[in-house]
Amino acid sequence: MAAERVGRKGHSPREPGAALQRRQARVTARYDRGELQRRLEVERWMEERLRDLYGEQADTILDLSIDDLLELQSDEERGNKLQVMFTPCSQNTDEFIRELVTKLQGLHKVQVQRVGLEEPKRH
């Protein structure tokens with residue numbers, strides 16, 4: 001019957017937990033996008049400040065990775081590493097370092113997830 005194929009009004013032909021699972025996936029996607037947006041803003045801020053400190057040579061002089069800093073256990077360790085990295089800089093970097101360490105709080109290291117992709121099998 002046509003009513004059986006279409007389903008009755010108010011009844012879903014899907015599994016009972018499918019809607020909940022789909023909703024949770026959307027929430028996770030929004031969270032990940034927000035986290036990535038925040039990280040992008042920190043990276044843009046960092047590049048701008050590095051150009052203020054080093055001029056156009058900022059890209060060639062310093063290789064500063066947010067992930068490397070996030071691997072460190074504490075803000076103190078991050079600050080110490082940045083102090084060492086910026087030792088050759090002729091300008092005062094203390095304010096930049098304090099702001100960067102503050103902006104890194106709450107960020108997480110990016111981990112690439114391979115959803116639905118499997119490693120090729122080797123024979």
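1. Let's start with a single residue in this predicted model. Leaving out residues up to four places away in sequence, Thr-93 touches Leu-53 and Phe-86. You can find Thr-93 in the loop between α5 (75-85) and α6 (94-104). Is Thr-93 buried or exposed? Its relative accessibility is 5%, and buried means under 20%, so Thr-93 counts as buried.

2. Next, have a look at the largest nonpolar core, which has 21 residues. Leu-50, Leu-64, Phe-86, Phe-96 and Leu-100 are the residues with the most contacts inside this core. Which elements give two or more residues to it? They are α2 (18-54), α4 (66-70) and α6. The largest share comes from α2, with six residues.

3. Setting aside neighbours within four places in sequence, Phe-96 is in contact with Trp-45, Met-46, Arg-49, Leu-50, Leu-53, Leu-64 and Phe-86. Two of these names, Trp-45 and Phe-86, come back in the next points.

4. Now for the rings. How many aromatic pairs does the structure hold? There are three. One of them joins Trp-45 and Phe-96: the centres are 5.4 Å apart and the planes are at 10°, and this pair is stacked. Trp-45 belongs to helix α2 and Phe-96 to helix α6, so the pair ties together parts that are 51 residues apart in sequence. Both Trp-45 and Phe-96 are buried.

5. Why is the pair of Phe-86 and Phe-96 edge-to-face? The ring centres are 5.3 Å apart and the planes stand at 80°; planes over 60 degrees apart count as edge-to-face, so this pair gets that label. Phe-86 lies in the loop between α5 and α6, while Phe-96 is in helix α6, so this pair ties together parts that are ten residues apart in sequence. Phe-86 counts as buried because its relative accessibility is 2%.

6. Trp-45, Tyr-54, Phe-86 and Phe-96 form one aromatic cluster. Among its members, Phe-86 is also a residue that Thr-93 touches, and Phe-96 is in contact with both Trp-45 and Phe-86.

7. One last thing to find: what sits over the ring of Trp-45? The charged end of Lys-103 does, at 5.0 Å from the ring's centre.

Terms used. Residues numbered from 1 in each chain as written. Predicted model: local features only at pLDDT ≥ 70, side-chain atom pairs only at ≥ 80, totals over all residues. Heavy atoms only, no water. Helix = DSSP H or I, 4+ residues; strand = E, 2+ residues; numbered from the N terminus. Buried < 20%, exposed > 50% of the residue type's maximum accessible area, 1.4 Å probe, protein only. Contact = heavy atoms within 4.5 Å. Core = buried A, V, L, I, M, F, W, Y, C linked by side-chain atoms within 4.5 Å. Phe/Tyr/Trp six-rings, centres within 6.5 Å; stacked < 30°, edge-to-face > 60°. Lys NZ or Arg CZ within 6 Å of the ring centre and 35° of its normal.
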